[in-house]
Amino acid sequence: MNHPLSRRGVAHRRPPPPRQSSSAPLRGGVEPRYRPPVTNPARIPRTPFTALVLAAVVALLSALTVPAAAQAAPGGSRSGESRPVYSYDRAIRESVWVDTRLDGDGDGRTDRVAVDIARPSEPARQGHRVPVIMDASPYYSCCGRGNESQKKTYDAQGRPVQFPLFYDNYFVPRGYATVLVDLAGTNRSDGCVDVGGRSDVRSAKAVVDWLGGRGRAYTARTGGKPVTAGWSNGSTGMIGKSWDATIANGVAATGVKGLKTIVPIAGISSWYDYYFAKGAPLYDSGPDSLAQLVDSPDAQKRCAAVQKKLAEGAPRSGDWTGLWTERDYVRDAGKVRASVFLVHGMQDLNVRTRNAGQWWDALARHGVERKVWLSQTGHVDPFDYRRGAWVKTLHHWFDHYLMGYDNGIERAPMADIERSPGTWSTDPQWPAPGTSATTLRPRAGSAPGVGALGTTRAPRGTTETFTDDPKLNEADWAAHIDQPTPAKAGFSTGPLRAPLRLSGSGTVTVTVTPSTSTAHLSAVLVDLGPATIRNYGADGEGITTLDKRTCWGAGTPGDTGCFKETAADTEKVAHTVFSRGWADLGNYADPHHGRPLTPGKPYTLTLDLAATDHIVPAGHRLALIVAGTDAGLIDPPASRPQLTLDLARTSARLPLTGGAPALARATVPGTPPRTSGTVLDGIAPPQAPGRLPHAG
């Protein structure tokens, strides 16, 4: 985060009173699940005539009675929560094509994007309008959504049958419409994928406008009859994970009317920061490769010009271009009208947490109402690590911002933080109250690469030297923190006398002399001590998928609303890397433009550490490691430099709760560095963390 400690960065619009979190697990699931019809006539129970008459009377009364949840307009004030009073199996399922008013594929006509809708039929018959939960995605046909990679399905007439995820199953019976949008260039939509650019964002924004009565839609992809959203009350909430979350961020940053809230899960806030960290490449490909993956077959034939622009506009040098400016939503955070419920894994090495941190800070500076969940997982949806609490919290969130229920969700604790697998704490504000940037400094030890970390500045002229080894990563460095190794410079406190909490983002400023004209740098924070943590480096990124299913809403044969359960995938470790930052040293003078280095000349550069919230327990040690290429997480430079670190001109500014006094209480001044032959095992990062913002 850029400004984790400003007062505007840690408060709701109105201060929340101390309350317990409303995110307690649901008891025993939700509505009755879909069950296959009885096929043995002998087992069908016979119903008395009087019971049939009574059932008919009840059905008639139900049709004539409008549930309270549907009567009041959004923005009203009522208590309780929306209830599953509408039928799911009789919901209206339809498709329309919304005009984006862009011609991205250059075919001479404006592009239309496919919009699949599931909405309760009863309010429509009664003349009542409903709010919308919308997920705009490029993945509905190529890759699928959720832990089970569900895709949209259609019947023989092209009508939608399966809506991926649980949103329709759970919320349609509660009086919401679920709207799933194929981004331009994907699945059944016209246009071209432009990876977070104008086409991506506008294709989703056009749907929000149409839902609010300000856009045009038709019953077919070409031709067709005009169709309006007379059933929508104009209040929309956007949700989604990864690329879907990114589009929610982008649409919110347009300030579009009618978008009341967004729930971005592991979303990108600036596409440059998805691909680069101050010039250091995080991936070996660019947005053109990503577009090719999700383009529909038709789009692949007609979108060569867009592909060319994506390739040319995103040079692998890491320099900032106009392409990145168009895809930087942070700069437009001041336009956001919607509330934001941000969710991110603190060990997400796909959409890395710098994206969450800088978005959160920008929203805070502009006073946007917001809430945050931070898990210990990687790129994982909360439905797969905290399912019951997630469904209930999301239910209350949408009820408040889309239906106007005064349920207290906006006054509940701002932050939920996972402290250990399945164990959560809450905070009234985030970053935690009392957090302030505190300076720690490295000092040399008696062995190369094994130094101390404290508040005392190193003597002038003190240095540490290491050589970039692109085969090693942060787990290798941390495992050998107490050993003199040639590929890293490590510095640690002594065992802490009291726990230290880091809440927010920090920075590490280094002065380095390279031996070559190119160099990449990494800085990581490490908790040195035993713990059981989620195995974020494994395929499940902290979860294991089980065979048993539970149901989260009503169902039909084509969309049961039943999903595989999950469990925490844990590992016992002796160290935990909990925050990271990378940079190309050539960006020392300009974070957006690199230049060649002069060997033998010192350069000063600041690395931005990713947002986190971590407690280093008493008895553990806090460590800072500075090294070169972090294998698997950044690409190596053209050369293999030796780097000399000027310790007197190197420091870390860390967001410590309690600030300098807390640091003084926790550390013993002048603690000498320790050297040993002990290897401290930890989680190795994946060697190829998702090369696209997807992973379910």
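**Close-up 1. A buried pair, Arg 501 and Asp 427.** Both residues are buried (under 20% relative accessible area; exposed is over 50%, partly exposed in between; 1.4 Å probe, protein chains only). They form a salt bridge, with the closest N and O atoms 2.7 Å apart (a side-chain nitrogen of Lys or Arg within 4 Å of a carboxyl oxygen of Asp or Glu). Arg 501 lies in strand β20 (residues 500-504) and Asp 427 in strand β15, so the pair ties together parts 74 residues apart in sequence. This is a predicted model: local features need pLDDT of at least 70, side-chain atom pairs count only at pLDDT 80 or more, and totals for chains, interfaces and linings use all residues. Residues are numbered from 1 along each chain as its sequence is written, and side-chain values use heavy atoms, without hydrogens and water.

**Close-up 2. The salt bridge of Arg 580 with Glu 474.** The closest N and O atoms are 2.9 Å apart. Strand β25 (residues 570-584) holds Arg 580 and helix α14 (residues 474-479) holds Glu 474, so parts 106 residues apart in sequence are tied together. Arg 580 is buried at 5% relative accessibility; Glu 474 is buried at 0%.

**Close-up 3. The open sheet of eleven strands.** Pairing is mixed, in the order β7-β1-β2-β6-β3-β8-β9-β12-β13-β14-β15 (strands pair if DSSP finds at least two bridges between them; helices, H or I of at least four residues, and strands, E of at least two, are DSSP runs numbered from the N terminus). The edge strands are β7 (217-218) and β15 (423-427).

**Close-up 4. Strands β12 and β13, joined by six bridges.** The two strands run parallel. Val 340 has Arg 370 as its bridge partner in β13.
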